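Subject: Structure for your review

Dear colleague,

Please find below the structure that I am handing over to you. My notes on it follow directly after.

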Amino acid sequence: MLRNVLVGLLIIISCGSCHWKSKTAATQNEDTTVVKDAHTLSNADSVDMQHLDLDIVVDMDRKQIAGAATWTINNRKAATQLILDTYDLSIDSVSVDGKPASFVLDKQVKYLGSALHIPIRTSTKSVKVSYKTGKNARALQWLDPQQTHDKKHPFLFTQSESIYARSWIPCADGPGIRFTYNAHVKVPKGLMALMSALNPQELSTTDTYYFTMDSPIPAYLMALAVGDISFKSIDERTGVYAEPGMIEKCRYEFEDVGRMVNTAEQLYGHYAWGRYDVIVLPPGFPIGGMENPRLTFCTPTIIAGDRSLVSLIAHELAHSWSGNLVTNATWDDFWLNEGFTDYFERRIMEQMLGKGYSDMLWELGYQDLVAEVNNLGATSKDTWLKLDLKGRDPDAGLTDIPYEKGSHFLKLIENNVGRDQFDRFLAKYFESHAFKTITTEAFLAYMDTTLLKDADDVKKELNIKAWVYGPGIPANCPRVDQDRFKFVDSERTKFLHGTPAAQLTTVDWTTHEWLQFLRKMPTAITAAQLKLLDDAFMFRTTGNSEIADLWFIMSVRAGYTTPYPAMEQFLSNVGRRKFLEPLYGEMMKTPQGTEMAKRLYAKYRGNYHPLAQESLDKLILKKG
Ligand code: BES
Ligand code: ZN
């Protein structure tokens, strides 16, 4: 019933650069009833947030962004106020349709920040908020020159997912709320600014940059990077940005990115965002990659020198469909973003490097899933695909479950309906839901009336309920062929039975074979055995961050101290939480290790992102 009412309210706006029509903010869920997002305090369900004009100055000395956000709105339900999300922002003034207006900034709510109330009329078209960011802006990482690769200039980057956009822009900050934007960004002399938008490739002579994003996106995809940045083209629609001292290495690493975009398009249809560029950030970037539209942000820890970690780019690129084009309606539906993207990432890698390669990604993912279920507990509700994050930090949902249980669920569907049919279904899904948001329930209903129509046998086989609304790993979870790993396993067994490490056959092993080799070593492996491996394979000096991190963890566990100087070097500049948390976590397991963790953390905490600091404070300082 409600569905029909809602469809009646839909407002269609045309989308400048793309061939799809899109819909404004709160009305996008034509397939569902109104979705309540527990992580926004805004009233975008009454007021459409159509467009943002952002006009800001980036002050590297003060570590502050100051300026104005002007929202073009449509007060669809005649609300008497506009409510926006803010986090640690100081609000200087507000104007409504060009006239000064009053405002009220509420007290801070845990995790969510402070609601900003602005009186409006039914006819109000524009609301301007002048503001400054605070010291606790969770989205912002300000780097001093020595924290960058080239060590010459300061750097700023943002990380807005999941609910941190509100700490640098007053906005309606929910994944179900979309808007277009323009931005004017003034930066210190000689620095470049880039956004999730149409980007410059050269320095501006006026130190001011102008951006447009004319396809509607949610706030978590708002992004900004400012620093000494240069650009190199890959092909006519792809390229890479990095600090000048890194640019050649990055260009080499990303040789295949142009081909990757073509491959993705062949699988699931037109790439909707124009250019696809990647920026390699300084090492403090807290995550592996972030799918900011038109400009993926990524960690330098994937620049291994041998192109062996580029599947991370396939992942972020895949989000151009799953996530950026069709977006999870709330963070409870996060698997619709990440599970689809992991599945899609592996399909891209299979197309590019073959099934043997993608099977390794699937198997390592399966191992991560098993470990995560053990970690969360086999009956934990946090192991359901549909999450329940109300009243909690949405980061609590950032586990391997949405990624791995999600992608394995899709793989199961593929196996049951056949690849061709599943691919056609997915292409249609992306096309018909482009620039919309979707809940888990709406997705299941859509699948029920399309792919699974008249397919009761398949439905029985899938046991969808167990996957989506049940804990742990369902019994029908698919596994892939283990051919390449079986060989690795046999080499490991030989070593454990006394074959000298140098006599093992390891030629042409990729990162993934090495990970399998090391992950499955017995936990009780001794320092003496690690030394034999280290001397043969020089893990302690590897430039491969995935292998290095695992090696340091194993060394700490066994009390093998030779790699400790290399480990300290790693901890001094790598800010990726995925690496830091397990490594510090391993140290925290013994009194001696705890001392080491505390000493190292005290020394290097300042180099980490506020979000990494938050989780490591809990782990190491037992704070919060
Ligand atoms: N969108 C995520 C990153 C994210 C999720 C940030 C939720 C904040 C909250 C991104 O696409 C991602 O999944 N990155 C992974 C890499 C990927 C290859 C699994 C990462 O950063 O490790
Ligand atoms: Zn992702």
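In these notes a polar contact is a pair of N or O atoms within 3.5 Å; within protein, one must be able to donate a hydrogen and the other to accept it, and residues adjacent in sequence count only if both atoms are side-chain atoms. The model is predicted: local features need pLDDT of at least 70, side-chain atom pairs count only at pLDDT 80 or more, and totals for chains, interfaces and linings use all residues. Residues are numbered from 1 along each chain as its sequence is written, chains are lettered from A and ligands numbered from 1 in the order in which they are written, and side-chain values use heavy atoms, with hydrogens and water left out.

Ligand 1

A polar side-chain atom of His319 is placed 2.9 Å from an oxygen atom of ligand 1. The side chain of Glu161 brings an N or O atom to 2.7 Å from a nitrogen atom of the ligand, and a polar backbone atom of Gly289 is 3.2 Å from an oxygen atom of ligand 1. Taken alone, ligand 1 exposes 520 Å², of which the protein buries 87%; accessible areas come from the Shrake-Rupley method with a 1.4 Å probe, and for residues only the protein chains shown count as cover.

Two elements give two or more residues to the shell around ligand 1, namely strand 20 (289–290) and helix 4 (311–318). Helices (H or I, at least four residues) and strands (E, at least two) are DSSP runs, numbered from the N terminus. The most is given by helix 4, with three residues. There are 16 residues around ligand 1, and those that come nearest are Glu161, Gly288, Glu291, Glu316 and Tyr403; a residue is near a molecule or strand if one of its heavy atoms lies within 4 Å of it.

The zinc ion

Which residues are the protein donors of the zinc ion (ligand 2)? They are His315 (NE2), His319 (NE2) and Glu338 (OE), at 1.9 to 2.1 Å from the ion. Donors are N, O and S atoms within 2.8 Å of the metal (3.2 Å for Na, K and Ca); water is not among the atoms, so sites may look incomplete. The spacing of the donor residues in sequence is H-x3-H-x18-E.

His315 is buried, at 7% relative accessible area, and His319 is likewise buried, at 0%. Here buried means under 20% relative accessible area, exposed over 50%, and partly exposed in between (1.4 Å probe, protein chains only). In helix 4, eight of its eight residues are buried, among them His315 and Glu316.

Overall fold and two further positions

The protein has 19 helices and 23 strands. Along the principal axes, the C-alpha atoms fill a box of roughly 80 × 65 × 50 Å. Of the 624 residues, 62% are buried.

Leu54, in strand 3 (residues 48–59), is buried with a relative accessible area of 2%. The C-alpha atoms of Leu54 and Tyr210 are separated by 9.8 Å, although the two residues are 156 apart along the chain.

Asp277 belongs to strand 19 (residues 276–280) and is buried, with a relative accessible area of 2%. Its side chain makes a polar contact of 2.8 Å with the side chain of Arg275.

With kind regards
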